[in-house]
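This briefing is meant for a reader who is meeting the structure for the first time. Please look over the sequence and the model before going on to the notes.

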Amino acid sequence: MSAYENLLFEIDDRVAVVTVNRPQKLNALNAATIAELTDAFTRVRDDASIGAAVLTGAGDKAFVAGADIAEIRGLDAASGRALAERGQALTRLMERAGKPVIAAIGGYALGGGCELAMACHLRVAARNARLGQPEVNLGIIPGYGGSQRLARLVGEGKAMELILTGAMVTADEAAALGLVNRVVEPGEARAAAVAWARELVGTKPPLALRAAIEAVHEGLSMSLDEGLALEARLFGTLCGTEDMREGTAAFLEKRAAKFTGR
Ligand code: COA
């Protein structure tokens, strides 16, 4: 896929910015947008010139206001399950892109929007953002990983409350819960997320970033002993890299490290 109908895809100085671009529908995720996001994040994963990505929504009203309810309405049991599996595959792809993906949330991040944001490694929200999983009000539950990732991020009790009530939380409440990492002024989420991505790309060794993401994410679904074994293996691999030599030498020589990704 080269040109997208529902997305903007830009690369600026090693940071890819993916913008869901259906502002008239509050960037709701129809099937075509899921397919385009899957293509875009495959590109983020596979393009070595991209060091990090930011996911955001067009306009200042919404990040993504959820799955497209007009499409949801026509689903039956089999097509509903297939849709959930496609959305889940996208969130797994983002999580496993091997480089930091940061959500820039301005306005509503509801349903599939909150789920996409949770599949990012870090989240920046504007103070006017609202996050939630309102699917219960439509007779369904989250289908793109929300029931699993929300509980992992904020704990079972609060996740249960948010999913059973469908209530929205403010950006400040989300920060207090650990659902977003940083809160910025309205209109500033995208710039703050891009600046954060650029800082990671410019100053951190990419192999260590990749390993850190893998250790935290994959370790969470393992037993403690399996997770520790994964951590030791990744730690060992990093100890064989040029970037580890450079990082430790730079510290001891009191200079800034110059990482090369080798
Ligand atoms: N799917 C499809 N269309 C959506 C949508 C969604 N998830 N969310 C918003 N839209 C559309 C609206 O239908 C409306 O379209 P129209 O102008 O053609 O009528 C347009 O986007 C603007 O939304 P509107 O509801 O008029 O804005 P609002 O400011 O009054 O309310 C929300 C904003 C986010 C509170 C409200 O749109 C909402 O509750 N959306 C659904 C959220 C949801 O349940 N998401 C989970 C889906 S599984």
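This is a predicted model: local features need pLDDT of at least 70, side-chain atom pairs count only at pLDDT 80 or more; totals for chains, interfaces and linings use all residues.

How do the residues of the shell around the ligand divide into nonpolar, polar and charged? Nine of them are nonpolar, two are polar and four are charged.

**The ligand and its surroundings**

- The ligand has 15 residues around it, and those that come nearest are Lys25, Lys61, Ala65, Ala67 and Ile69.
- The side chain of Lys25 places an N or O atom 2.6 Å from an oxygen atom of the ligand.

**The nonpolar cores**

- The largest nonpolar core comprises 48 residues, and those with the most contacts inside it are Leu37, Phe41, Leu55, Phe63, Ile105, Leu116 and Leu131.
- Apart from this core lies another one of 17 residues, which includes Val17, Ala189, Ala193 and Leu200.
- Once neighbours within four places in sequence are set aside, the contacts of Leu131 include Ile105, Ala109, Leu110 and Cys114, and they also include Ala167, Met168, Val169, Ala174, Leu179 and Val180.

**A helix enclosed by the rest of the structure**

- Helix α4, which spans residues 112–119, is largely enclosed by the rest of the structure, because eight of its eight residues are buried.
- The buried residues of α4 are Gly112, Gly113, Cys114, Glu115, Leu116, Ala117, Met118 and Ala119.

**Residues with a positive phi**

- Most residues other than glycine have a negative phi.
- Arg14, which sits in the loop between β1 (7–12) and β2 (15–20), has a positive phi near 75° although it is a residue other than glycine.
- Asn27 is likewise not a glycine, and its phi is positive at about 60°; this residue belongs to the loop between β2 and α1 (31–46).

- Asn6 is placed in the segment before β1, and with a relative accessibility of 9% it counts as buried.
- Not counting residues up to four places away in sequence, Asn6 touches Thr19, Val20, Asn21 and Arg22 among others, and Asn30, Ala32, Thr33 and Glu36 are also among the residues that Asn6 touches.
- Thr56 is part of strand β3, which covers residues 52–57, and a relative accessibility of 6% makes Thr56 count as buried.
- A polar atom in the side chain of Thr56 is 2.9 Å from the backbone oxygen of Ala104.
- With neighbours within four places in sequence left aside, Thr56 is in contact with Val17, Val18, Thr19, Val20, Phe63, Ala104 and Arg190.

**Residues brought together from separate parts of the chain**

- Pro205 is found in the loop between α8 (189–203) and α9 (206–220), and Pro205 is buried, with a relative accessible area of 17%.
- Although Pro205 and Phe259 are 54 residues apart along the chain, their C-alpha atoms are separated by 5.5 Å.
- Leaving aside neighbours within four places in sequence, Pro205 is in contact with Asp243 and Phe259.
- Val183 lies in strand β10, which covers residues 182–184, and Val183 is partly exposed, with a relative accessible area of 21%.
- Val183 and Arg127 are 56 residues apart in sequence, yet from C-alpha to C-alpha they are 5.9 Å apart in space.
- Val183 touches Ala125, Ala126, Arg127, Ala171, Asp172 and Ala175 when residues up to four places away in sequence are not counted.

Conventions
Residues are numbered from 1 along each chain as its sequence is written. Side-chain values use heavy atoms; hydrogens and water are left out. A nonpolar core is a set of buried Ala, Val, Leu, Ile, Met, Phe, Trp, Tyr and Cys residues joined through side-chain atoms within 4.5 Å. Buried means under 20% relative accessible area, exposed over 50%, partly exposed in between (1.4 Å probe, protein chains only). Contact means heavy atoms within 4.5 Å. A residue is near a molecule or strand if one of its heavy atoms lies within 4 Å of it. A polar contact is a pair of N or O atoms within 3.5 Å; within protein, one must be able to donate a hydrogen and the other to accept it, and residues adjacent in sequence count only if both atoms are side-chain atoms. Ala, Val, Leu, Ile, Met, Phe, Trp, Tyr, Cys and Pro count as nonpolar, Asp, Glu, Lys and Arg as charged, and the others, Gly among them, as polar. Helices (H or I, at least four residues) and strands (E, at least two) are DSSP runs, numbered from the N terminus.
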